[in-house]
Amino acid sequence: MQKTLLALAATMTIAGAAQAEQMVFTSWGGTTQDAQAAHWAAPFTEKTGTAVVQDGPTDYGKIKAMVEAGAVTWDVVDVEFDWALQAGAQGLLEPLDFSVIDKSKLDPRFVSDFAVGSFYYSFVLGWNPANFGGEQPATLADLFDTAKFPGKRTFYKWSAPGVIEAALLADGVAPEDLYPLDLDRAFAKLDTIKADIIWWEGGAQSQQLLASGEAPIGFFWNGRLAALAADGMPVGISWDQNITAADALVVPKGTVNKETAMRFIAEATSAEGQAAFAAASGYAPINLESADLMSPEVRATLPDAQTAVQVNADMAYWAQHRDEIGNRWYAWQAQ
Amino acid sequence: MTTATIRRGSGLGFAMPAMLLLLAFFIIPVAGLLMRSVTEPEPGLQNYAALLGSATYAKVFFNTFFVAGLVTIVTMLIAFPVSWALAIMPSRWAAILFAVILLSMWTNLLARTYAWMVLLQQTGLINRSLMALGLIDQPLQLTNNLVGVTIGMVYIMLPFMILPLYGVIKKIDPAILQAAALCGATKAQALRRVLLPLAAPGLASGGLMVFVMSLGYFVTPSLLGGTANMMLPELIVQQVQSLVNWGMGGAAAFILLVVTLGLYALQLRFFEPKEGR
C-alpha cells in the first residue's frame, strides 16, 4: 500500500516526462519476484537510472478497476498468459512496442500483440519418495490411481491451464486431441479422486504439503520442486507429459510510464535477463538465445530439456474459454 | 431530556470525521459495487438470478450460514465458562488471563492460521502425539474440512465472545446466585434459570458479532477448509480476482451485506440496551 502510494505520488509529479524516474513492477511475490527484482529490475535501474518499485501480488480485479478508473499505478505486471490474451482482447492492455522489444529473439509460442512471455514453466508430477515403498509413480495415470498410490494428492486450486489437461491425458486422451477440451470427461476423471484432493493456492503451500507428507503426490510447478530438491529434500519428479504454461509481462492501459514500461520489458526479456532469472528460479527462459548463456547443469533442470515429452497448453483456447471453464471449475469444486 | 438532546447533537459533531471517512471509503465504494452488480456484464438482475437460482451457489449460501452458526455455538460453549471464571477469579489472575486472550487477538491472523495448519495436518503435532499415545492408529483428518475451519475460526472468534460476555457477567451481583442457592436451587437450576437469563444480553451481542464476522471471513476457511465447505467470501474472491467478474462478485457481496444489516436490525429490536429507554 505504501509502495503503491509512493509510486502514485511519483507518477503524478513526473507525468509527461518521457523517461520516468520511477516505475512499478507487480508480480506474485515470493522467490519468483525476488529473482525478477534481482535479475531484471536491478540491471534495468543500473542502465537507465529509473528506480523500479516492487508491488504485488498480481490481482486481475485490481488491474481492471485501475484501467476503468483511469488511475493506473502498475506499469508492468506479471500475469498468466491466458489472462493476458483475454485482457488484451478486452482492451485492458497497451499494445507492446516491438520497436523497443526485440521479438525476433523470443520463443514465438509466448509472443502476442499485448503480451510477451515472462518465463514458462511446466506442471509436473511430483511425489515424496518416503511415502511410497516399492514402485514409484511415473505417469499422469498414476497420479489419478488411488489404488496403486494411495494418499492425498494436491493440485492447483485456481482455474488455469494444467489440471484439466492432466485429467484428460491420464484418462487416455492423446496430446494432439486435447483441444477443444472435453470438460465432461475431465471432470468425470477428477471426480474419481475428488475426495483425496487437497488444493494448493500458491507455490509455497504446494511445497509445504509435499515436504510434510500431507499430500505425498501431486501436480506442481516445476520450479517449486527444483527448489525443494536444491534444499536437499528427496523429491520424485516425472517429466512424462509435462504441461507447459507461461506467465506474461503486460502493460495496463493508460499508464503514464508507457515508454519506460516497454524498455523494462525489453530488459526483462533480454537473453541475459532471461538466463539469469531461469538459473535463479528453475523456470525456463522465453528468449531463444538464453540457453547459450547457461551452464549445462542448469539447463538440464529446466522444462527446456524436456520438450520431447512436453504437452503445450493452448493459451489461445484458454483465453477464449476462460470464463466458461472457470465458472464450471469453481462450481465443481464447491459441489 | 434537553441535556440528552444537547449531548446527542454535539456527539454528532464529534462523529463527523469518522462519518466522512466511512462515506468516502465505505459507502461510496459499496454503492459502486452495487451498481456494478446490476450493470455488468449487462443491465439487469441476471447476476442475482444466477446466484439465487443455482444449486451450487445455494450450497455455498448454506455452507456460509451453517459454518457461521456452528462457529457461533461452539464459541459460546467455550467462552461462557471462561467468562464466568474471569468474573469470579481474583483480579490479579484475571488480568493475566486477559493478557493471554488479548495477546492472541493481536497476533497476526495469517500467522495464527498457518500455525493451526501445522498443528492440525496429518503429520502435525496433534496427530503425532495422539498416535504416539496409542489413541489412534491412523492420523485424523483435521484440516481441509469442516473440523479445521471450525477449530481455526472458533479460536479467532473467542475474544469477541468473551469480552462482551465478561462485561455482562461481571455486573451480575454474586448475591443473586447465593439467593438462588438459599431458595433451594441446584447448581444446574441456578445456571439455567438465573445466570443464563441474566447473561443473555452478553451472549446475544457476542453471538451476533461472532456470527456476522464469521459470515465474512475469508483467510481461515480458505486455508483450513476444503472446497466442499466453500463460503460466500471465497466465491466473491474467485469471481473478482480470478474471473474478473465484478458484477457477480458485487451481487454476492451485496447479498452478504443485506443479511448482515438484517441481523443487526433484529438485534437492535430484541436486545436494545435497557439504559436507553
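This is a predicted model: local features need pLDDT of at least 70, side-chain atom pairs count only at pLDDT 80 or more; totals for chains, interfaces and linings use all residues.
Taken along the principal axes, the box filled by the C-alpha atoms of chain B is roughly 70 × 70 × 30 Å.

One helix pair of chain B can be followed in detail. Helix α11 (residues 232–242) and helix α12 (residues 246–270) of chain B have axes that come within 8 Å and cross at roughly 160 degrees. Because an angle over 145 degrees counts as roughly antiparallel, α11(B) is roughly antiparallel to α12(B). The crossing of α11(B) past α12(B) is left-handed. On the α11(B) side the contact uses L232(B), L235(B), I236(B), Q239(B) and V240(B), and these meet W246(B), M248(B), G249(B), A252(B), A253(B) and L256(B) of α12(B). By class, the residues of this contact comprise 9 nonpolar, 2 polar and no charged.

Helix α4 (residues 81–89) of chain A packs against α13(A) with the axes 8 Å apart and an angle of about 60 degrees. The two helices, α4(A) and α13(A), are therefore oblique to each other. In this case α4(A) passes α13(A) in a right-handed crossing. From α4(A) the contact draws on F81(A), D82(A), W83(A), L85(A) and Q86(A), and from α13(A) on M315(A), A316(A), W318(A), A319(A) and R322(A). These residues divide into 7 nonpolar, 1 polar and 2 charged.

Of the 9 residues in α4(A), 8 are buried, and the helix is mostly covered. The buried residues are F81(A), D82(A), W83(A), A84(A), L85(A), Q86(A), A87(A) and G88(A). The elements that cover them include α3, β3, β4 (116–127), β8 (236–250) and α13 of chain A. After α4(A) comes G91(A), which has a positive phi near 80 degrees.

Strand β3 (residues 76–80) of chain A, one of the elements covering α4(A), contains V76(A). Is V76(A) buried or exposed? A residue counts as buried if 20 or more other C-beta atoms lie within 10 Å of its own; V76(A) has 27 C-beta neighbours inside 10 Å and is therefore buried. Leaving aside residues up to four places away in sequence, V76(A) touches F25(A), L249(A), V251(A), A261(A), F264(A) and I265(A). The C-alpha atoms of V76(A) and M262(A) are 8.4 Å from each other, although these residues are 186 residues apart along the chain.

The last topic is the contact of the two chains. Chain A contributes 18 residues to the contact and chain B contributes 16 residues. On the side of chain A that touches chain B, the elements giving two or more residues are α3 (60–69), β6 (197–200) and α13 (315–334) of chain A. Among these, α13(A) gives the most, with 6 residues. This side of chain A has 7 nonpolar, 7 polar and 4 charged residues.

Conventions
Residues are numbered from 1 along each chain as its sequence is written. Chains are lettered from A and ligands numbered from 1 in the order in which they are written. Two residues are in contact if their C-beta atoms, placed from the backbone, lie within 7 Å. Helices (H or I, at least four residues) and strands (E, at least two) are DSSP runs, numbered from the N terminus. Ala, Val, Leu, Ile, Met, Phe, Trp, Tyr, Cys and Pro count as nonpolar, Asp, Glu, Lys and Arg as charged, and the others, Gly among them, as polar. Axes are lines fitted to C-alpha atoms, for helices over the stretch in contact, and angles run from 0 to 180 degrees between N-to-C directions. Angles under 35 degrees count as roughly parallel, over 145 as roughly antiparallel, 65 to 115 as roughly perpendicular and the rest as oblique. A crossing is left-handed if the near helix is turned anticlockwise from the far one by less than a right angle, and right-handed if clockwise. A residue is buried if 20 or more other C-beta atoms lie within 10 Å of its own, exposed if 12 or fewer, and partly exposed in between; C-beta atoms are placed from the backbone.
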